[in-house]
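We will take one feature at a time, with the general idea placed before the case.

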Amino acid sequence: MPRRSPGSTQDFEDVHTRVATRVRGLRPRPERPHLLEVVDGPGKGTRFRLEAALYEMGRGANVSLQLDSDEVSRLHARLTRADGEYTVEDAHSRNGVLLNGLRVHAAVLRDGDELQLGDVVLKYLEGT
Amino acid sequence: MSSEDLFVRFWGVRGSIPTPGPRTRRYGGNTSCVEVRAGKTLLVFDAGTGLRELGVHLGRSTDSPVTVHLFLSHPHWDHIQGFPFFGPAYESSTTIYVYGPRGDDKHYQLLSGQMSNAYFPVRFSELGARILARSFKGTSVDAGDATVHLFEQKHPGGSLGFRVEYAGKSVVFSTDNELDQLLLDKQAAFESPDELRKLPKELLKPVQDADLLIADAQYADDEYAQRVGWGHPRANTVVDLAAQAGVRRLALTHHDPMHSDREIDVVVSEAELRARRLGFEDLEIFGAREGVTLKI
């Protein structure tokens with residue numbers, strides 16, 4: 001602690017704080033994965049980590065992102081990645097694809113979007 | 001895709017000026033541009049900065065020659081600025097038809113005029129594509145497999161709205177239209193804002209029973225009093241237009257550049273509440289958002 005002399009008008013002395021090592025500026029940042037989490041309906045709590053260029057979503061045995069519900073078509077929708085962003089596209093499903101409650105044919109996904117396929121609701125958590 | 005399918009994709013939904021950044025990431029910051037696919041016919045409404053992204057998409061998704069039927073609501077910057085950056089315009093295999101009212105090639109001239117070399121390094125005459133001016137015959141024109149009808153709107157300098165008809169379906173593109181100046185009782189909308197705002201029959205006709213109305217809805221009610229005469233309506237007035245005309249779906253667009261994603265959510269939510277409160281339960285309302293495609 002710096003010593004304060006009695007009666008001095010200089011209440012604060014310069015203590016010459018030193019920063020030992022300066023943090024480097026620009027560095028490549030690790031990527032955070034894009035995620036889809038089932039937030040309502042069958043499979044609630046399941047998280048899918050999205051890394052591939054293409055996912056097929058549905059209840060069929062051969063899809064890459066399986067949703068276990070009779071209200072979901074065997075092949076319900078596709079997820080494709082381009083320029084680091086995922087786009088969902090309805091694959092002629094029976095019940096359609098809802099984006100935040102709006103029936104869409106396709107949509108580029110954004111953080112916090114809710115997708116509904118049948119009675120399965122998935123939240124999109126956008127990575128980097 | 002069946003030959004009778006009609007798709008709409010939003011490439012630019014912002015009004016006035018591009019607004020990139022985290023506040024506008026979800027709805028998007030590109031200015032006005034909407035793609036309509038009628039079977040194999042590609043129609044584009046407005047050439048704001050969203051047009052550049054459509055060009056990139058076309059470049060990646062097709063090797064076939066591109067034919068574009070381009071309709072401009074009017075030639076203010078936010079409706080033409082994407083054109084010099086539209087990749088297919090540089091390809092000799094591309095054909096672009098630029099539509100304007102009968103006997104008036106002003107849109108074509110102003111689109112090309114922005115490429116004089118004081119503004120842009122490439123001249124319009126140096127573009128590789130065949131770019132041709134086309135006129136409406138009266139108020140209608142056949143554009144590929146679709147029919148497009150035009151109607152005049154209320155905007156400083158004038159603007160045009162368009163109704164696309166294809167395979168029994170209809171989409172209306174109506175931006176930069178200050179409906180509030182055309183209300184039967186303008187004062188009542190200020191004094192009793194919760195009441196239905198009545199519009200003249202001739203304004204309802206172009207949007208009557210449309211499957212989708214894409215409409216300028218730039219201002220919330222409490223913003224409009226300071227912006228009277230700027231050429232844009234209150235979102236709630238657009239709701240009343242759609243409701244009175246029996247529109248099925250309403251896309252609110254031409255978002256104000258000052259509005260963040262959250263503020264647009266509020267405008268849309270208030271519009272939905274208004275429709276329910278006035279008894280128009282079947283009218284579906286949403287905020288137009290870049291990257292969203294609808295099947296009509």
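Q: Which residue stands opposite B:Leu213 in β12(B)?

A: Strands of a sheet pair through backbone hydrogen bonds, either parallel or antiparallel. Here B:Leu213 stands opposite B:Leu250 in β12(B), and strand β11 (residues 212-216) of chain B pairs with strand β12 (residues 249-253) of chain B in the parallel sense over five bridges. Two strands count as paired if DSSP finds at least two bridges between them, while helices (H or I, at least four residues) and strands (E, at least two) are DSSP runs numbered from the N terminus.

Q: How should I read the numbering and the values?

A: Residues are numbered from 1 along each chain as its sequence is written, and chains are lettered from A and ligands numbered from 1 in the order in which they are written. This is a predicted model, in which local features need pLDDT of at least 70, side-chain atom pairs count only at pLDDT 80 or more, and totals for chains, interfaces and linings use all residues, with side-chain values resting on heavy atoms and hydrogens and water left out.

Q: In what order do the seven strands of the open sheet in chain B lie?

A: The order is β7-β8-β9-β10-β11-β12-β13 of chain B, with mixed pairing. Its edge strands, each pairing on one side only, are β7 (140-143) and β13 (284-287) of chain B. Neighbouring strands are turned by 20 degrees against each other on average, direction ignored, where axes are lines fitted to C-alpha atoms, for helices over the stretch in contact, and angles run from 0 to 180 degrees between N-to-C directions. Helix α7 (residues 261-277) of chain B packs on this sheet, touching β12 and β13 of chain B, and its direction makes about 170 degrees with that of β13(B); contact means heavy atoms within 4.5 Å.

Q: How many of the residues of helix α6 of chain B are buried?

A: Buried means under 20% relative accessible area, exposed over 50%, and partly exposed in between (1.4 Å probe, protein chains only). By that rule ten of the eleven residues of α6 (residues 235-245) of chain B are buried, among them B:Val238, B:Val239 and B:Leu241. These buried residues pack against α4 (201-204), β11, α5 (221-224), β12, α7 and β13 of chain B, and after α6(B) comes B:Gly246, with a positive phi near 70 degrees.

Q: Which residues touch the most other members of the largest nonpolar core?

A: In soluble globular proteins, nonpolar side chains tend to be buried together. A nonpolar core is a set of buried Ala, Val, Leu, Ile, Met, Phe, Trp, Tyr and Cys residues joined through side-chain atoms within 4.5 Å. In the largest one, of 56 residues, A:Leu36, A:Leu79, B:Phe10 and B:Phe71 touch the most other members, and strand β9 (residues 159-166) of chain B gives the largest share, four residues. A second, separate core of 32 residues includes B:Val172, B:Val239, B:Val268 and B:Ala275.
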